[in-house]
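The points are numbered and may be read alongside the sequence and the model.

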Amino acid sequence: MKQITIVIPCYNEEAGIGLVIDAIPFDLLHRYGFKTNIVVIDNNSNDKTAAIATSKGVKVIKEPSQGKGNALITGLKEVCGNCDYVVVIDGDYTYNPQEILRLIEPLESGFCDVIAGSRIGGKTVRRSLEFSHRFVNWGFAFFVRQFYRANITDALSGFIAIKSDVVQTLIPHLHSTNFTIEMEMITKMRKLGFSIYSVPITYDRRMGKSKLHSYIDGFQILLMMINNLRWKPSKVTLPPKTSPGPMLVDTGLGHVGRGIVHEQEESQAGADHRQAEGGGGGPGTGAEGAEGAGGVPEAGRDRADLLPLA
Ligand SMILES: Nc1nc2c(ncn2[C@@H]2O[C@H](COP(=O)(O)OP(=O)(O)OP(=O)(O)O)[C@@H](O)[C@H]2O)c(=O)[nH]1
Ligand SMILES: [Mg+2]
């Protein structure tokens, strides 16, 4: 059975985190052949975020360095190599976990390597996305489409699905500590030659307080987007994995409850599965073969020529 690990970065999300976890469609995903694990990264929350997540039976990692980027990178390192697909979703219940399968299908069918759930191309509930945010988001996506040749309509989505081997290649190149993390991931994944597309998703009003500072964070994201035009991957190696891997949460079928842990056994099963398949999600389809301009390597060519040795 293939494994999906859902990574949820959280800072004071007591109002949303329980709803997010409860809305994850474990049984549906199980019917489609996926085992689902969850890792919540708690970033010094001083509310009940960690307690609520723990009570739902999911793994909670503490990240002491504040910032969404710090939290997300820690989460990605934790899950990297232990699953087939990684899904990142915010903990404020703005994105709908019921739509995870829509993000996974294009990866599973070999259409592309990364899917960004798109708010602009999707369904935004009234007052969920201010006009100014919508406009800026549209601008960022337009720039990324033109200059990075990523055919996406939302470059800052907090709901993304990525093949696990892509995450593994990407991690050593990530340095964002804050809200620039999504832009850093998208632009660097393109520069690494991975194919990225969007699917429409629902975006709702958030639970709890926003942590985004529109001007400061927007400016930093802009700088990240422009600076990465000149970025080239260097030769890097992945640090050895020391942690035992994410806690696996059973889908409920054939087991009692949602919080049953099959940690090592399942991690090994996932590893064996990938080995049998020749190392994970496999290469892209070449669907972006015509997108090799602008310093972005052509996806679909032999990736060994394009990627750093990991
Ligand atoms: N771990 C961690 N997560 C954070 C931090 N800041 C924000 N987050 C999480 O990142 C996600 C996105 O943050 P939001 O404040 O919702 O920012 P946004 O989605 O861009 O903006 P909104 O439209 O206001 O929701 C949420 O799940 C936050 O809990 C942080 O310092 N550490
Ligand atoms: Mg949000």
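How are H8 and H9 oriented to each other: roughly parallel or roughly antiparallel? The points below take this up after a word on conventions.

1. This is a predicted model, in which local features need pLDDT of at least 70 and side-chain atom pairs count only at pLDDT 80 or more, while totals for chains, interfaces and linings use all residues. Residues are numbered from 1 along each chain as its sequence is written, and chains are lettered from A and ligands numbered from 1 in the order in which they are written.

2. The secondary structure of the protein comes to 11 helices and 7 strands, taken as DSSP runs (helices H or I of at least four residues, strands E of at least two) that are numbered from the N terminus. Of its 310 residues, 48% count as buried, a residue being buried if 20 or more other C-beta atoms, placed from the backbone, lie within 10 Å of its own, exposed if 12 or fewer do, and partly exposed in between. Among contacts with a separation of 6 or more, 77% join residues 24 or more positions apart, where a contact requires C-beta atoms, placed from the backbone, within 7 Å.

3. The axes of helix H8 (residues 181-191) and helix H9 (residues 214-227) come within 9 Å and cross at roughly 15 degrees; axes here are lines fitted to C-alpha atoms, for helices over the stretch in contact, with angles from 0 to 180 degrees between N-to-C directions. H8 and H9 are therefore roughly parallel to each other, since angles under 35 degrees count as roughly parallel, over 145 as roughly antiparallel, 65 to 115 as roughly perpendicular and the rest as oblique. Met183, Glu184 and Thr187 of H8 make the contact with Ile221, Met224 and Met225 of H9, and these residues divide into 4 nonpolar, 1 polar and 1 charged. For these classes, Ala, Val, Leu, Ile, Met, Phe, Trp, Tyr, Cys and Pro count as nonpolar, Asp, Glu, Lys and Arg as charged, and the others, Gly among them, as polar.

4. H8 is mostly covered, with 11 of its 11 residues buried, and the elements covering them include H4, strand E5 (114-124), helix H6 (131-148), helix H7 (164-170), strand E7 (196-203) and H9. Just after H8, glycine 193 takes a positive phi of about 95 degrees.

5. The axes of H6 and H9 come within 11 Å and cross at roughly 5 degrees, which makes H6 roughly parallel to H9. Here Val136, Phe140, Phe143 and Val144 in H6 meet Gly218, Ile221 and Met225 in H9, a set that divides into 6 nonpolar, 1 polar and no charged residues.

6. Glutamine 168, in helix H7, counts as buried because it has 20 C-beta neighbours inside 10 Å. Alanine 15 lies in the loop between E1 and helix H1 (17-23) and is partly exposed, with 18 other C-beta atoms within 10 Å; leaving aside residues up to four places away in sequence, alanine 15 touches Met207 and Gly208.

7. Of the 19 residues around ligand 1, Tyr11, Asn43, Ala71, Ser210 and Lys211 come nearest, a residue being near if its C-beta atom, placed from the backbone, lies within 6 Å of the molecule or strand concerned. Strand E1 (2-10) and helix H4 (68-79) are the elements that give two or more residues to this shell, which by class has 6 nonpolar, 7 polar and 6 charged residues.

Key. Contact = placed C-beta atoms within 7 Å.
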